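User: I am new to this structure. Please show me how to read it.

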Amino acid sequence: MTRLFHISDIHFGLEDRRALDWVAQCIAREKPDAVSITGDLTMRARHREFTAACQWIMALDVPVTVEVGNHDLPYFNLIERFIDPYRRFRAIEKLLERELTLPGIAIVPLKTTARAQWRMNWSKGVVGAVSLRQTLAAIDALPAGVRAVVACHHPLVEAGTRGKALTRGGERALAELAARNVQAVLSGHVHDPFDLIHPTPNGPVRMIGAGTLSQRVRSTPPSFNELTLVDGEINVRVRNLESVSTRDMQIDDVPENALPPRTEGEPVAPVAAVPAIDPPVH
């Protein structure tokens, strides 16, 4: 059995300290084979937020791979955003978009963030041709018998009909991943966990999303995913501080943003503990 902890959207600067302490204790006690963090380590990419995030991550005594989220790109310093957007990751550079090979599976990174886009909302995802080509080459180079689990920040597609191009190039990327028999695509961004199957012209792809460990909850408590690989199958257990069952933590649609639901019909988990207002960001 291979066990992976899938964590996302920690948002240091607006982190849930109780949740982080709990997760760190789980990792120290249970020693998973690896931890995959699918982006948004910080809230506004401030130096102090990165320092806190890096200290927390480096204290985890297990193999870790970290993806970049849209909140991790410089928010106030546009010159740095365009010239050296990942400079603040230097403390954990060796963990950044790191491919990990575990018994039976390999975690392969796929970048979905961009310094700028030809649309107003730069928080949404994009899969560029170069990023996709690098990911596909890494998958093609895997040893025989090792299947890929792709890790990125943004869900590659919305699962329902209400989305508005959350990730540009996502449909094409999923089709390419399906052609290579990728076992699952891990992501974050929407702050509620999910476990969905999405059809593509080359077959179905499993999309697994982790919740948040921040105060920016949508409809469910802070949580992370425990993934176990047994006999070639991935089992997902959503773990949270409130002991809510896995199915009641998972949404059945992927919304287009990571804000708490504000309009009727937005996808929420059955827990439906939507905060009255978003926590303030200073």
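User: What covers the buried residues of H4?

Analyst: First, the basis. This is a predicted model: local features need pLDDT of at least 70, side-chain atom pairs count only at pLDDT 80 or more, and totals for chains, interfaces and linings use all residues. Residues are numbered from 1 along each chain as its sequence is written, and side-chain values use heavy atoms, leaving out hydrogens and water. Now the cover: it includes strand S5 (105-109), S7 and helix H5 (170-179). Helices (H or I, at least four residues) and strands (E, at least two) are DSSP runs, numbered from the N terminus. Buried means under 20% relative accessible area, exposed over 50%, partly exposed in between (1.4 Å probe, protein chains only).

User: Which residues of H4 are buried?

Analyst: An α-helix has 3.6 residues a turn, so residues three or four places apart point the same way. In H4, Ser131, Leu132, Thr135, Leu136, Ala138 and Ile139 are buried. They cover an arc of only 160° around the axis, so they sit on the same side of H4. The arc is that of the directions from the helix axis to the C-beta atoms. Arg133 and Gln134, on the other side of H4, are exposed.

User: Where does Val149 lie?

Analyst: In strand S7 (residues 147-151). Val149 counts as buried, at 1% relative accessibility. Beyond its neighbours within four places in sequence, Val149 is in contact (heavy atoms within 4.5 Å) with residues including Ile107, Ala184 and Ile234.
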